[in-house]
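Biologist: I have just opened this model and would like a guided tour. Please spell out each cut-off when it first comes up.

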Amino acid sequence: MNLKAVLVGRGSMNSRQTDVGLLLLRLFAGIALALGHGLGKFPPSPRFISGVGELGFPMPLLFAWAAAVAELLGGFLLALGLLTRPSSLLILFTMATAAFLAHGDDPFSGKEKALLFGFVALLFLIAGPGRYSIDRLLARK
């Protein structure tokens, strides 16, 4: 392999390297979201429910549970590559809510994690989970 191919090589979305990269990103982002953010919201605390209500959501208990499930269960499903696109959509909505409503007045550093998780979810919503996923195994059957 020459230096040009290493530095600016034309990658393919169908390459094994791409699928390994998607797998690693799915695993890290999904587990980080589930354990780092979702687990702490499960079950939703009275303080979290109150905060959801202060954002203007009707039925704050329901929406607090939806956020907790999207982060915890959605994160694990993303990591597994199971129901990747629906999970990614729920994660994207939850992260958009966090970034633009819960942290709307915060500086960029206050909304950075929500935006990053949201864009990772957007990637998997568009690209799918890749070759090394349970979704791929189910699609073959």
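Biologist: Leaving aside neighbours within four places in sequence, which residues is Leu-39 in contact with?
Modeller: First, some ground rules: this is a predicted model, where local features need pLDDT of at least 70 and side-chain atom pairs count only at pLDDT 80 or more, while totals for chains, interfaces and linings use all residues. Residues are numbered from 1 along each chain as its sequence is written, and side-chain values use heavy atoms, without hydrogens and water. Taking contact as heavy atoms within 4.5 Å, and setting aside neighbours within four places, the partners of Leu-39 are Ala-34 and Leu-72.

Biologist: Is Leu-39 buried, partly exposed or exposed?
Modeller: Leu-39 lies in the loop between H2 and H3. Buried means under 20% relative accessible area and exposed over 50%, with partly exposed in between (1.4 Å probe, protein chains only). Leu-39 has 46% relative accessibility, so it counts as partly exposed.

Biologist: How many helices does the protein chain have?
Modeller: Helices (H or I, at least four residues) and strands (E, at least two) are DSSP runs, numbered from the N terminus. From that end, the elements run α-α-α-α-α-α-α. There are zero strands, and the helix count is seven.

Biologist: Which residue does Asp-19 meet in a salt bridge?
Modeller: A salt bridge is a side-chain nitrogen of Lys or Arg within 4 Å of a carboxyl oxygen of Asp or Glu, and the count by this rule is two. In one of them, Asp-19 has its partner at 2.9 Å, N to O. That pair links distant parts of the chain, 112 residues apart: Asp-19 in helix H2 and a residue in the loop between helix H6 (108-127) and helix H7 (134-140). Asp-19 counts as buried at 6% relative accessibility, and its partner is Arg-131.

Biologist: And how far apart in sequence are the parts that the pair Glu-71 and Lys-41 ties together?
Modeller: Glu-71 forms a salt bridge with Lys-41, and their closest N and O atoms are 3.0 Å apart. Glu-71 sits in helix H4 (residues 60-80) and Lys-41 in the loop between H2 and helix H3 (46-54), so the pair bridges two separate parts of the chain. Glu-71 is buried, at 5% relative accessible area, whereas Lys-41 is partly exposed at 22%. The separation in sequence is 30 residues.

Biologist: How far apart do the centres of the positive and negative side chains lie?
Modeller: Lys and Arg count as positive and Asp and Glu as negative, leaving out His and the chain ends. Each charge is placed at NZ of Lys, CZ of Arg, CG of Asp or CD of Glu. With 13 positive and 7 negative side chains, the distance between the two centres is 17 Å.
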